[in-house]
Amino acid sequence: MAAGEFPITEVRVKLTGDSQSKVRAFCSVTLADRFVIRDVKIIDGGRGAFIAMPSRKLTDKCDRCHHKNHLRALYCNQCGARLDPDRAGRDAAGRVRLHADLAHPINSACRIELHRAVLQAYDEEIERSKQEGYVPPSFDDLDGGDDLYDEQYVVDLQRRQVERQRQRGAEPDQGFAVEGA
Ligand SMILES: [Zn+2]
């Protein structure tokens with residue numbers, strides 16, 4: 001997905017305005033004026049901001065009643081059966097995967113393009129927010145909810161970001177990376 005073929009044409013940023021939360025903003029990213037990706041989050045866990053792509057929690061089925069439970073659940077939500085706490089799948093590096101990204105850049109060129117566009121829009125929105133009479137954009141149905149924030153997921157994303165930076169080696173740490181892939 002080269003920039004010329006499917007350019008990012010709009011990024012909308014809604015700042016959470018909550019300094020206690022690691023989630024600093026919710027964003028929507030529009031490609032080529034034709035396709036929109038929502039629920040992109042900007043997260044700052046103290047080691048630099050990064051982007052979290054929209055994702056969903058992974059689940060598996062209870063052996064007894066076949067109800068689907070989140071992988072971190074210790075007991076089945078339906079029948080109360082005790083669940084194997086170590087049942088989550090692990091990736092090649094041995095890390096537990098609790099979430100899967102629903103949309104994400106596939107190559108580093110696209111990741112960098114997305115990073116730049118979202119970071120720029122984020123900075124611009126922060127500047128706007130300092131002006132008198134600032135009215136934050138409304139995303140209506142994406143304006144909150146427990147599902148949008150998961151402490152364990154943030155920790156997971158931070159770890160992945162640090163590892164990606166380590167893999168890049170010589171590249172300077174930009175302090176802002178795009179999660180995904
Ligand atoms: Zn069950």
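# Exercises on hairpins, core and confidence

A32 has its place in the loop between β2 and β3; strands (E, at least two residues) and helices (H or I, at least four) are DSSP runs, numbered from the N terminus. The model is a predicted one, in which local features need pLDDT of at least 70 and side-chain atom pairs count only at pLDDT 80 or more, while totals for chains, interfaces and linings use all residues. Residues are numbered from 1 along each chain as its sequence is written.

## Exercise 1. The turn between β2 and β3

Describe the turn that holds A32, and determine whether A32 is buried or exposed.

Solution. Begin with the strands: β2 (residues 23–31) and β3 (residues 35–44) run antiparallel and are joined by seven bridges, where two strands count as paired if DSSP finds at least two bridges between them. Within this pairing, F26 has K41 in β3 as its bridge partner. The two strands form a hairpin with three residues between them.

Next, consider the backbone of the loop. Most residues other than glycine have a negative phi. A32, although not a glycine, has a positive phi of about 55 degrees, and D33, which lies in the loop between β2 and β3, has a positive phi of about 60 degrees although it is not a glycine either.

Finally, count neighbours, taking a residue as buried if 20 or more other C-beta atoms lie within 10 Å of its own, exposed if 12 or fewer, and partly exposed in between, with C-beta atoms placed from the backbone. A32 counts as exposed because it has 11 C-beta neighbours inside 10 Å, and D33 counts as exposed because it has 9.

## Exercise 2. The hairpin of β3 and β4

Solution. Strand β4 (residues 49–52) runs antiparallel to β3, and four bridges join the two. Opposite F50 in β4 stands I43. The hairpin has four residues between its strands, and G46 in the turn has a positive phi of about 105 degrees.

## Exercise 3. The largest nonpolar core

Solution. A nonpolar core is a set of buried Ala, Val, Leu, Ile, Met, Phe, Trp, Tyr and Cys residues joined through C-beta atoms within 7 Å. The largest one here has 19 residues, and those with the most contacts inside it are C27, I42, I51, V118 and Y122. Two or more residues come from each of β1 (8–15), β2, β3, β4 and α1 (108–129), and α1 gives the most, with five residues.

Leaving aside residues up to four places away in sequence, I42 touches R24, A25, C27, A49, I51, V118 and Y122.

Then turn to the helix: the buried residues of α1 are R111, L114, V118, L119, A121, Y122 and E125. An α-helix has 3.6 residues a turn, so residues three or four places apart point the same way.

## Exercise 4. Confidence along the chain

Solution. pLDDT is the predictor's confidence in each residue, from 0 to 100. Over the chain its mean is 81, and 84% of the residues reach 70 or more. Where pLDDT is low, the predicted coordinates should not be read in detail.

How values were computed. Contact = placed C-beta atoms within 7 Å.
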